[in-house]
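Try each task before reading its solution.

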Amino acid sequence: MEQKATILYVEDDEVLSFVTQDNLAMHGYEVVHAGDGESALKLFSEVKADLCILDVMLPAMDGYTLAEEIRKRNQSIPILFLTAKSLKEDKIHGLKIGADDYITKPFSIEELILKIQVFLRRKDLTGEVKQSDYVIGKYTLESKNLKLKHDSGSERSLTQKECDLLLCFIKSGGNILKRQEILEKVWGENDYFMGRSMDVFISRLRKYLKDDASLKIENVHGVGFRFFTG
């Protein structure tokens, strides 16, 4: 039997939270709900969630702060923001502090469910056996554990999306990856905002791989990117 995923859902709007919880339950998810940031952080420490859905404008602790606190405790759990904030700067800020994706209110339940399915599929909840370790230069990517380890013994925990993006480059075999190809594979869609999101994540990967000069993510102007491994 497929494992039932647990979602931590944080929203202070009672009507919206009721409707969203009901729809998530109908799609087979176990939903743990909190109406403010402080309660949500306490719940996060008590339950084993597979994914977090966070509103930004929350009482007691805002969603950005909550996401930062969650990231201190778990580097890999997918975090999805639901918010009325539509400015690109707000979205980029959310991604920089550790969110994996962003949906602006009002949103469709169908879009939310689709994004949840994509994230949980990548977490491999079904237990399917896949290659999980990849050696690139002085690093080893343990994709199953979302760990990037250096030969020196240091290691870094990755988010699911960071891992997915790095895997996309590793599996490219040194070939050019078009921007739209990466967006469709990792983000599930190709639009302006997702393109900005991808640029943020690529900047992170470059920083993570900086201790091996043989590894390089090169911009191919007007086309996409190429990953060099030496």
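**Exercise 1.** Find the residue in β7 that stands opposite Ile-136, and work out how the strands around this pair are arranged.

*Solution.* Start with the pair itself: Ile-136 faces Tyr-139 of β7. Strands here are DSSP E runs of at least two residues, helices H or I runs of at least four, both numbered from the N terminus. This is a predicted model, in which local features need pLDDT of at least 70, side-chain atom pairs count only at pLDDT 80 or more, and totals for chains, interfaces and linings use all residues. Residues are numbered from 1 along each chain as its sequence is written, and side-chain values use heavy atoms, without hydrogens and water.

Next, step out to the strands. β6 (residues 133–136) pairs with β7 (residues 139–142) in the antiparallel sense over four bridges; pairing requires at least two DSSP bridges. Two residues separate these strands in their hairpin, and Gly-137 in the turn has a positive phi of about 55 degrees.

Then carry on to β8 (residues 147–150), which is antiparallel to β7, again over four bridges. Here Leu-141 stands opposite Leu-148. This hairpin has four residues between its strands, and Leu-146 has a positive phi near 55 degrees.

**Exercise 2.** Which residues of α1 are buried?

*Solution.* Take buried as under 20% relative accessible area, exposed as over 50%, and partly exposed as in between (1.4 Å probe, protein chains only). The buried residues of α1 are Ser-17, Thr-20, Asn-23 and Leu-24. They lie on the same side of α1 because their arc, taken from the directions from the helix axis to the C-beta atoms, is only 135 degrees. Finally, turn to the face away from this buried side: Glu-14, Val-15, Phe-18 and Met-26 are exposed there.
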